[in-house]
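Here is a short briefing on one protein chain.

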Amino acid sequence: MSVDYQSMLHPELIFLDLTDQNEAELFEQVAQRLEKLGYVQNTYADALKKREQEFPTGLVTKYLALALPHTDPEYVDKAFICMVKNATALDVLQMGLNEPMQTQYFFFLGITATKNQVILLQKFMQLLQRKAFVKGVTTISKADEMFEFLQQEFGK
């Protein structure tokens, strides 16, 4: 079983300029943008916050700390990967440990089929082991370049 990652990546879902002060603000802003673009329902922001409280998605990997927020499929209308970089690091909780951590990097995962969730998370874990992937995510500052970079990386 495979997931077509390229079909989940869209140039309008790369937000590299956010300046939110906390995780809740960031979730609200991203949810509003996603809803306006037709990817999620108007209940998405609340579902995201609730799920994140129950199952935090922060990850500290060898090269990068990031979060992979997502909700149950019923709040998502179209599958997507939304890449977000906030101007400052925000407090989030680590997956599995519920320990505090900080990150500026978020990949919001719009999963429309529950079975794809594990596959998508595994793909991220593979990518995060690669220094070149992390370098691109942390150094590219233009949305169109980031989109091309992610298309290439997820295509490998």
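Accessible areas come from the Shrake-Rupley method with a 1.4 Å probe, and for residues only the protein chains shown count as cover. On that basis the accessible surface of the protein chain comes to about 7,700 Å². Carbon and sulfur atoms hold 49% of that surface.

This is a predicted model, in which local features need pLDDT of at least 70, side-chain atom pairs count only at pLDDT 80 or more, and totals for chains, interfaces and linings use all residues. Residues are numbered from 1 along each chain as its sequence is written, and side-chain values use heavy atoms, with hydrogens and water left out.

**Overall fold**

- The protein chain has five helices and five strands. Both are DSSP runs numbered from the N terminus: helices are H or I with at least four residues, strands are E with at least two.
- Their order along the sequence is β-α-α-β-β-β-β-α-α-α.
- The radius of gyration is 14 Å, close to the 15 Å of the globule rule for 156 residues, so the protein chain is as compact as a globular protein of that length. The radius is taken over C-alpha atoms, and the rule is 2.2 Å times the number of residues to the power 0.38.
- The C-alpha trace spans about 35 × 30 × 30 Å along its principal axes.

**Burial, contacts and charge**

- Of the 156 residues, 49% count as buried. Buried means under 20% relative accessible area, exposed over 50%, and partly exposed in between (1.4 Å probe, protein chains only).
- Among contacts with a separation of 6 or more, 70% join residues 24 or more positions apart. A contact means heavy atoms within 4.5 Å.
- The mean positions of the 15 positive and 20 negative charges are 9 Å apart. Lys and Arg count as positive, Asp and Glu as negative; His and the chain ends are not counted. Each charge is placed at NZ of Lys, CZ of Arg, CG of Asp or CD of Glu.

- Strand β4 (residues 80–93) pairs with β5 in the antiparallel sense over 10 bridges. Pairing requires at least two DSSP bridges between the strands.
- Strand β5 (residues 100–110) is mostly covered, with eight of its 11 residues buried.
- Leucine 93 stands opposite proline 100 in β5.
- Six residues lie between the two strands, and glycine 96 takes a positive phi near 80°.

**Asparagine 98**

- Asparagine 98 sits in the loop between β4 and β5.
- Asparagine 98 counts as partly exposed, at 42% relative accessibility.
- Beyond its neighbours within four places in sequence, asparagine 98 is in contact with Pro56 and Leu93.
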